[in-house]
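The following exercises are meant to be worked through with the structure in view. Each one gives a task and then a solution in steps.

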Amino acid sequence: MSRSLSETVVRKAGSAADPLWYKDAIIYELHVKAFQDSNNDGIGDFPGLMQRLNYLQDLGVTCLWLLPFFPSPFRDDGYDISDYENVNPAYGTLQDFQAFLNAAHERGMQVMIELVVNHTSDQHPWFQRARNAPPGSPERDFYVWSDNDQRYRDARIIFTDTEKSNWTWDPVAKAYFWHRFFSHQPDLNYDNPQVLDEVLRIMRYWLDMGVDALRIDAIPYLVERDGTNCENLPETHEVIKRIRAEIDAGYANRTILAEANQWPSDVLPYFADGDECHMAFHFPLMPRIYMALRQEDRMPVTDIMAQTPDIPANCQWGLFLRNHDELTLEMVTDDERDYMYLAYSADPRMRVNIGIRRRLAPLLDNNRRRIELLNSLLFSFPGTPILYYGDEIGMGDNIYLGDRNGVRTPMQWTADRNAGFSRANPAKLFSPVIMDPVWGYEAVNVEAQQDDPSSLLIWMRNMIALRKLFRVFGRGTLRFLHPANRKILAYLRQGEGEQVLCVANLSRFAQPVQLDLQEFEGMLPVEMIGYVEFPVITKQPYPLTLAPYGFLWLELQPAPLSDEQDGEVTALDGIRVRDAENWEEVFYGEERGQFETSLLPAFLRRQKWFGNKARNIQSASVVDWVEFESTKAILAVIEVEFEDGKKDTYLSSITCVFGREAAAVRESSANLIISSLWSPQGEGVLYDSSGEQAVAEALLELIEMEKEVRSKKGLFRGSATPGYEGIRGDRSDILVPQRCVSEQDSTSIYLADKMVLKLFRHRHAGPNPAAEVGRYLSEKTNFRNSAPFAGFIDHVVLGEEPSTFAMLQGVVANEGDGWQWTMEELERYYERCATAPFPEEQLGSWYVDSVVPESWMNLSKDYAGLSLDAAEVLGRRTAELHLALAQETDDPDFAPEPFTANDLELLRKELEQNGSKAFAVLRDSLPKLPDEFIELGALVLSRRTMILDRLKNLRGQEIQAVKARIHGNFHLGKTLRVKTDFFILDFEGEPARSMEERRMKQSPLQDVASMLRSFSYAAYGSLMKYTSRHAEAYATLEPWTKLWERTVSGAFLSAYRAKMAASSILPSDEVVYSALLESYVTDKALYELVYELNNRPSWVRIPLLGLLLLRT
Amino acid sequence: MPKTEEYEGAKTTLTSTPVSLLVTVSRPLHPEEVERWFSILGNLVGESGPAYAAFALPLESGQAAPDTSNVPSTIALYTYPAIGNPAAIPGVATNAIYRPLAELAKRLEARAVLILTPEEEIVDPAFMHLLSDPVLDGGNDLCLPIYTIAETDGLLNRAIFSPLVSALYGRKVHFPLAQDFCISSRFLDRLAALPPFVQAEISWPSVEAIAANFLIAEAHVPVCHRLKGDNLDLASILNTLLGSLYSDIEKKAALWQRIRGMQPLRLHGWPAEPCKNEEIEIAPLWDAFLLGSRNLQEIWSMVLPPVALLELKRLSRVTPQQLHLPDGLWSRIIYDFALAYRLRPISRSHLLGALVPLYLGWVASHVQTLSNPEREHSQVDLARTFEESKSYFVSRWRWPDRFNP
């Protein structure tokens, strides 16, 4: 029904223009009474606060959060309100408040006040009226009464230091009243509708004055129910929804912030569907930041963030390091709480309730670097930072004052009397100022720090200004990196067209770190404080060294284009088209020459997915394309002709935009630009749009609707699997691309972290094994430890086998890939072993098929129990994969076949050939090897004949085994750690091999051998990392490395063989089995040797040791 | 025959036919000038120009509307109350001019508005075509002129405005504060919607267009046009114009710090022979610089880092013949003053007053360079130097530590 003009409600706007202003805000929490006294009565007031607004504006804060300033008996620092519609006379008048509000708004600052409506003071007229009213009357029902103190017994007591029960006997009412906090703070009864009506009226009163935000105090406790813990109840959420609805109906650009000291998953309902609170504090993060700092380990932080759910787009976390209460330890485990007490409150007087009543600087022993580090986290984590007054100058506390008053002392403005806070007689002050030699106002005050360019205050001002330059901090996503060094916390903030890499050293010593930034290859990190350019990111791990408690904020910018590229991409004489609507004419029009010989080849060379960078391109042309109806993009087939006459085909989505959109592309994605375009309608750009939402949606629709679209020379055909619906979920959900990762040959687009769409850029005729095997496993087998397959898109050209262009899979929630997980485990393993003497028993040569002695296993269990368990699970999953791939089927591409003597002979020849080539490379490379590896390399070379003879063991064997499709490129990096299990991924095979080779049937032992080598790589790779920091430990730890590799390999093999035992897939003859497995392991080690010699000589030790330690 | 109706309290003539182009001038005209404008505008429309054009004439309070009997039938005449010019610099507009023009353009469905200074050399249909065609036919939102001024003219623009705007905002703009320009109706709407508190500020349409991703073009115009501020105090001009630009830089910090490189704008027309240089006497300029370096050291020390002060000190010892203020030093001075403008170590008017001797030193150096017969080979684009120094500015802006080289 339409609303008539007279019914139209005008929503009263707040002072901020942007409805989401709170996402970019810097909130400053202060107590009026403690900030500035203007009338010399010893108590801060609103006129005083107004005098200090310029200071706050200069600091850069954008929102002021005022602690309760209402009339109150002050038995809980103002949280016991006796009149909601007035200003405490000691702080000024309502007019003073209004004047302050206007002055703050004039400076572009918003104002947040407290809505303390879980309880009132027992002096509030409502309570006085209630206790005198007869039971059952509406007046009485404003509060929660009981004849006994046994109701709601499951509700915990919050102020354990002072309260023994949540019920207190009232002699006037002759009944018990309910209170979750102090006994002088009776809880309001929201089962009485009049209570909510009154609360809404009070709220409107302040919003009408122009207040921008309300912090709702003690929000989880509004409603009580028997049989529950009386927290977070559905009825409480109904109350909040009413409050929010009232705000949305009558006001614009206002915000409510929930104080819910709960686990993140329990706070989520306070956001609801974006229709309850706009913001909520993230309570559990704060103690974990302190814990991570003290333990010099990122785990407490990454762990709690992993438990932090996504929140609606219009909602925001409120982050803080300290506030007016104690550093609460409610949201930590008992052990963690004990640790925190020991670490941060040596003196028992520092503790109150379930927490620590100290300010930021004293908690950190007044260490400037620690203070800066924690503030850097506060400013760069996803959420809105909230500063507590005085912490910007490193104010101290007074643990000899009662309750939490020690952190609520007067603001220290100057070195003058009373810290410049008041000119009253010091005895009149509401609280003594801090006066000790370290923290006293003579040493720590605003005036001194304003004059000191190196002060904490100036540092804070600069950091706040810097944060405000980047909206990504308030609005972007967060993703942690997992470097091996756990003293380093590294995370990416992405969004708003910005990408920022934050790296923090939690240790008191300098720390090295190597970050896997492959997905940003080619980008330029620019240190944000000094605007310093760092080296361009490559495929190699990105090394950084951080000073003690150091941190880096690096903006990832597109790399500056070389002069050659610059000319190609930004030249004003780009391609000209006659009509912007028909820009495809660049593919066939008069000016296509420059496009094909210069612009498109230059673009391709810049792309990570273009795997032929070493070959010179003669020309590149778009030979087939189709336009997506719903987007401006086309799907293009690009044929590349190299100077050697060979051709390759690639696939890409290309879009052309003009005007502002073009400028935005230039700004954010210069590397994706193929060409400038000139048309009578203006200037545009042609660019690769494969990672864009519209393109992802169009491709998804192709799969979802199983559509075909005809291109100039063929068609693109989408297909969905029967499992699609389950993976996709509700079709009305928009799957926003979260990130786009380019690899060699492909680009993966993560859709709302629900599905991943993988585009195979390099076009090969025929199916891609990744899609082929993934689909087969999902549809034809019971193997469920791989990513669920949802669909695919083929490119079909007449007379050719369809080629897979894209595949769609479900995303598996995981704790990182198997390699990452194993490396972290190994780091801990070496830390444990570093001081433990290795037993006398020597570890001799290794027989890959041999049973590991029990004594070794027992020793290993003590130090690497988790790794052993994981290897067993992985062994079982590998066997299940092989059993699934080798099951009987009519599908000729998957039907298992006998592994014949002829196959064995062919394999032997191939491996011998590989081996000869590898030793030739080693021989040629020997003089160039780093000194420390020459001896090792020579030793391996001297055993050339023996090692190659090992391969001859395959000759003349009679074999009874099966060959089938296998993974083909199986190593720890191709697995995902999912809780205590493993998932197996990426079945495309070894990228260096041809597509035909990758689809060939093989003995599954090839995968097994590959995984055994991966264990070896992990063990020695981790040892290299560990000993790079502790060089003296190499000799001590090497036996431990061997122990780990052998026992983990043994556990893997043992579980694998047990699972495979009932099948006839593996050779039944032990001798043949051993010969085949050893041959594969040897072949793999030789392959690695060649790779490392050519690419990473510093890693060559690993395959060399692998070859030496094998049986000869 | 045009009809008349009220618009914004002034007499208005109105044609029922939508016009393509709305032309206006930046100050009220004298009666004798009006006739000439009618005649020129009559020549503007036709085969090579818009079919219909409208002329919006600002009137002073109490000023009589012009006689419309001589208005050509292809031109509709409008009058509107003139907006006061708080900048008090002829030809320099504030953002307040856009709102009435946007309303009128909307009403007339005009696709573009041409804003001109009513000077002798401007009243030329060819000039108007050069500025309006890139907007009407080329899809641009703003077309700025490139005047063929002499190398001794427009020195504030040459020394500061053009290189500073170009380097910070990544587009090579020759005259970012041009007094004559053509603007699309959609960009005009955007300017008209600027918040009330910036209405009285100096308008930098080039910067606004870049900030909002509107398309900008430049047109070579064979006009020796320059700022008519000869009788104004240089410190006042710097305070008004550079002050407004510095303020805007502060507001748009998140934008310009993200822009890298500098691209040329699309150019229309062909450069004409520049106007002839005038003789400028170096000695008084140099004396002003030397006086400043003696008297303003205290203020300069608050603004400039030691290495810049040292270079200036060396400079103060050379003879006028050896005079050369390096471009790199000059760009860093302008950036350091921008930073000081933001941090307010002293009042902003005093700060910009302290820039005057430095600017005069630059002028002296510039004039000296012009007299050098080998200057063709040594002259480098100043905007490019500003761009090279931009990282210096960004790093100082982000971490304004005085302890720097």
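**Exercise 1. A helix and its end**

In helix α2 (residues 98–108) of chain B, the buried residues are B:Tyr98, B:Pro100, B:Leu101, B:Ala102, B:Leu104, B:Ala105 and B:Leu108. The model is predicted: local features need pLDDT of at least 70, side-chain atom pairs count only at pLDDT 80 or more, and totals for chains, interfaces and linings use all residues. Residues are numbered from 1 along each chain as its sequence is written, chains are lettered from A and ligands numbered from 1 in the order in which they are written, and side-chain values use heavy atoms, with hydrogens and water left out.

Task: State which residue follows α2(B) and give its phi.

Solution. 
- Step 1. Two terms are needed. Helices (H or I, at least four residues) and strands (E, at least two) are DSSP runs, numbered from the N terminus. Buried means under 20% relative accessible area, exposed over 50%, and partly exposed in between (1.4 Å probe, protein chains only).
- Step 2. An α-helix has 3.6 residues a turn, so residues three or four places apart point the same way.
- Step 3. B:Glu109 comes after α2(B), and its phi is positive, near 60°.

**Exercise 2. Aromatic pairs**

Task: Describe the ring pair of A:Phe473 and A:Trp553, then that of B:Tyr335 and B:Phe386.

Solution. 
- Step 1. Rings of Phe, Tyr and Trp (its six-membered ring) pair if their centres lie within 6.5 Å; planes under 30 degrees apart count as stacked, over 60 as edge-to-face and the rest as tilted. Over all chains, this rule gives 81 aromatic pairs.
- Step 2. The ring centres of A:Phe473 and A:Trp553 are 4.8 Å apart and their planes lie at 45°, so this pair is tilted.
- Step 3. A:Phe473 belongs to helix α16 (residues 472–475) of chain A and A:Trp553 to strand β24 (residues 551–558) of chain A, so the pair ties together parts that are 80 residues apart in sequence. Both A:Phe473 and A:Trp553 are buried.
- Step 4. B:Tyr335 and B:Phe386 form an edge-to-face pair, with 5.5 Å from centre to centre and 65° between the planes.
- Step 5. Because B:Tyr335 lies in helix α12 (residues 327–343) of chain B and B:Phe386 in helix α16 of chain B, this pair ties together parts that are 51 residues apart in sequence. B:Tyr335 counts as buried at 1% relative accessibility, and B:Phe386 is buried at 0%.

**Exercise 3. Between the chains**

Task: How many residues of each chain are in contact, and which residues of chain A supply 28% of the area that it buries?

Solution. 
- Step 1. In chain A, 33 residues are in contact with 27 residues of chain B.
- Step 2. Buried area is the accessible area (1.4 Å probe) that two parts lose on being put together, summed over both. Between chain A and chain B it is about 2,500 Å², with carbon and sulfur atoms giving 53%.
- Step 3. A:Leu469, A:Tyr531 and A:Arg660 supply 28% of the area that chain A buries against chain B, more than any other three residues.
- Step 4. A:Tyr531 lies in the loop between β21 (523–527) and β22 (532–533) of chain A. Its phi is positive, near 55°, and A:Tyr531 is buried at 13% relative accessible area.

Conventions: Contact means heavy atoms within 4.5 Å.
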